[in-house]
Amino acid sequence: MDYPNPYAPYPGEPFPADTQGGTIPIIPVVQQYAAPVQNQPFDPVFVYPQNLPGALSLIGQAVAGESEDAQFYEWLLQRAPSPEDRQIITGIRNDELHHNGWFRQLYLELTGRPVPSMPGETFMPPANYCDGLRRAIQGEQHAVQNYRKILFALQNRVHINVLTEIITDELRHAVLYNYLYAKNSCKA
């Protein structure tokens, strides 16, 4: 099907139709710039069910960090310089508590058993509030990378929706931590 197109599709290229309001076929233009298809195997992280054991391990690790996370949020809250900072950090902490419950439920539904106990990390206090925010930003980024791997192993639509909610929360948390980092004039 042809559509009227008063603009050249790509800057610097000649207009492919007449300049008096003609039409251009859309498909040939798209095909001209489409990347060639290559037959490459998918990364194993995308292949179910082979990726399920790794995802279960990542869920266990997410739950294992619960104690260290609680200490970290308490440390940040005690050093937050304003009510707004405390409100944002409290909201993030509460989201993370929900995530932990959802991960426990997800593991139970996938395996039929509760998450096994795993050693958690020992809390190491940051040097200062800004260093804590920097650590939090990096932690959120790392969480998103791991949670995507869990998402790739899921088949059930409800489980996928839960992981999508968790991942989007983590992205929102990173934005909020970046806001606090800038607001408090933290330097890299």
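1. At roughly what angle do the axes of α2 and α4 cross, and within what distance do they come? In this predicted model, the two axes come within 9 Å and cross at roughly 145 degrees, and the crossing of α2 and α4 is left-handed.

2. The residues behind this packing can be followed in the structure above. From α2, Leu-52, Leu-56, Ile-59, Ala-62 and Val-63 take part, and they meet Asn-100, Phe-103, Arg-104, Leu-106, Tyr-107, Leu-110 and Thr-111 of α4. Sorted by class, the contact of α2 with α4 comprises nine nonpolar residues, two polar ones and one charged residue.

3. Helix α5 gives the most to the lining of the largest pocket, namely eight residues. Taken as a whole, the lining of the largest pocket holds 13 nonpolar, nine polar and nine charged residues.

4. Ala-136 is a residue of helix α5, and it counts as buried because its relative accessibility is 6%, where the cut-off is under 20%. Leaving aside residues up to four places away in sequence, Ala-136 touches Phe-72 and Tyr-177. Ala-136 and Asn-178 are 42 residues apart in sequence, while their C-alpha atoms are 9.3 Å apart in space.

How values were computed. Residues are numbered from 1 along each chain as its sequence is written. This is a predicted model: local features need pLDDT of at least 70, side-chain atom pairs count only at pLDDT 80 or more; totals for chains, interfaces and linings use all residues. Side-chain values use heavy atoms; hydrogens and water are left out. Helices (H or I, at least four residues) and strands (E, at least two) are DSSP runs, numbered from the N terminus. Ala, Val, Leu, Ile, Met, Phe, Trp, Tyr, Cys and Pro count as nonpolar, Asp, Glu, Lys and Arg as charged, and the others, Gly among them, as polar. Axes are lines fitted to C-alpha atoms, for helices over the stretch in contact, and angles run from 0 to 180 degrees between N-to-C directions. A crossing is left-handed if the near helix is turned anticlockwise from the far one by less than a right angle, and right-handed if clockwise. Contact means heavy atoms within 4.5 Å. Buried means under 20% relative accessible area, exposed over 50%, partly exposed in between (1.4 Å probe, protein chains only).
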